[in-house]
Amino acid sequence: MKRICKVAILILLCTSHAQAGNRYLWVEPDSKQVQGAIYDKPWSYDKDDKKTTPRVVQQETVHIKSFTNSIGMKLVWVAPGSFIMGSSNREKGRWVDEGPAHERIVSQGFWMGAHEVTQDEYLSVMGENPSAFKGLKRPVERLTWLDALTFCHKLTVMERMRGNLSKEQYYTLPKEEQWEFACRAGSQKAFNTGDTITTAEANFNGEHPYGNAPYGRFLRETVPVGTYACNSLGLYDMHGNVDEYCLDTWSEKKRVSHTSPEVKWVAVRGGSCMSLAAHCRSARRDRYGPNTRCCDRGFRVVVANGK
């Protein structure tokens, strides 16, 4: 009985915000966050990106499609390209901040974690495991956006010391456009699986299916990464399991640098084991405070190049 009650409380805490319906996510004041974010300045490597996006995709030659770093984390290559970011007015479950749908150019390829960061990977770098749903191969969760950035910084230092990164390269969180581009993997449907998704393809609340999908399981907990099939780029759990932090940040009505003390909201993508199917769509966006924790929120990494 205690277990059931605890799960019910977690579900309420983790999903009530996501079920609020259509709204402008980045501008609505939140009574729980009225005092704003108070935190130490996260690691930035002084790489503020102020360049405009070029209209021509740069050609890059990459001879390997994946590699495994020194802590056993697999990363896959995401080649540059273009895609339509956001959702159309016709997409069921669409939130207003997902549009208008528009073309985006991803001008540089990047390495992205094939899986969400696991508890054993986080433990090997940070020396702790804050997760509610324990399991070394499950995604790490119950950590803040700042914890995720700190992990990226420490992993960068480790890999540079071991000669696995150049001085220009560093681990960080994906930008929203990188995340959605990688999630879609060439698909412009609601999911990278097509017009709908089932609980045989991802970990979400199958009691609330999308479109013509059948009802499915509701596990109410995370599962080990890689349990479900990957998308065509070799990326796992882009839909469901845990919501994933992105690098993008906001303060009330304006976008701000992720190193700014004005940060009030941080972007989250992908949906989780607690999410309705509609909240796992490729275009779906959400936001949380940088210091908040939840049992279904984690992250994956990308390798950025400071050149």
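**Loops, sheet and cores**

Student: Where does proline 100 lie?

Tutor: Proline 100 lies in the loop between β3 (81-85) and β4 (102-106). Keep in mind that this is a predicted model.

Student: What makes the peptide bond between glycine 99 and proline 100 a cis bond?

Tutor: Look at omega. For the bond that joins glycine 99 and proline 100, omega is about 5 degrees, and the bond is cis.

Student: Why is aspartate 237 called buried?

Tutor: Set the value against the cut-off. Aspartate 237 has a relative accessible area of 6%. Buried means under 20%, so aspartate 237 counts as buried. Its place is in the loop between α4 and β7 (243-251).

Student: Is asparagine 241 buried or exposed, and how do you know?

Tutor: Asparagine 241 has a relative accessible area of 0%. The limit for buried is under 20%, so asparagine 241 is buried.

Student: What makes asparagine 291 partly exposed?

Tutor: Asparagine 291 has 36% relative accessibility. Buried is under 20% and exposed is over 50%. The value of 36% falls in between, so asparagine 291 counts as partly exposed. You find asparagine 291 in the loop between β10 (285-288) and β11 (297-298).

Student: Why does threonine 199 count as buried?

Tutor: Threonine 199 shows a relative accessible area of 13%. That is under the 20% limit, so threonine 199 is buried. This residue sits in the loop between α4 and β7.

Student: How do you know that threonine 199 makes a polar contact with arginine 217?

Tutor: A polar atom of the threonine 199 side chain lies 3.3 Å from the backbone nitrogen of arginine 217. Leaving aside neighbours within four places in sequence, threonine 199 is in contact with Phe204, Gly206, Gly216, Arg217 and Tyr228.

Student: What makes β1 and β6 edge strands?

Tutor: Start with the sheet. Five strands form an open sheet in the order β1-β2-β5-β12-β6, with antiparallel pairing. The strands β1 (66-68) and β6 (169-172) each pair on one side only, and they are the edges. On average, neighbouring strands of this sheet are turned by 30 degrees against each other, direction ignored.

Student: How do you know that β6 and β12 pair?

Tutor: Count the bridges. Four bridges join β6 to β12 (residues 302-305). At least two are needed, so the strands pair. Threonine 172 has valine 302 as its bridge partner in β12, and tyrosine 170 stands opposite alanine 304.

Student: Why do β5 and β12 pass the test?

Tutor: Two bridges join β5 to β12. The rule asks for at least two, so this pair qualifies. Here the partner of methionine 112 in β12 is valine 302.

Student: Which helix lies across β5?

Tutor: Helix α4 (residues 176-184) lies across β2 (74-78), β5 (110-113) and β12, running at about 75 degrees to β5.

Student: Which residues touch the most other members of the largest nonpolar core?

Tutor: That core has 32 residues, and Phe151, Leu173, Phe299 and Val301 touch the most other members. Elements that give two or more residues are β2, α2 (119-126), α3 (145-161), β7 and β9 (265-269). The largest share, eight residues, comes from α3. A second, separate core of 19 residues includes Met238, Cys246, Ala267 and Val302.

Student: Why might nonpolar side chains be found together?

Tutor: In soluble globular proteins, nonpolar side chains tend to be buried together.

Student: How many of the 307 residues count as buried?

Tutor: The share is 54% of the protein chain.

Key. Residues numbered from 1 in each chain as written. Predicted model: local features only at pLDDT ≥ 70, side-chain atom pairs only at ≥ 80, totals over all residues. Heavy atoms only, no water. Axes fitted to C-alpha atoms, helices over the stretch in contact; angles between N-to-C directions. Contact = heavy atoms within 4.5 Å. Buried < 20%, exposed > 50% of the residue type's maximum accessible area, 1.4 Å probe, protein only. Polar contact = N/O pair within 3.5 Å; in protein donor to acceptor, adjacent residues only side chain to side chain. Core = buried A, V, L, I, M, F, W, Y, C linked by side-chain atoms within 4.5 Å.
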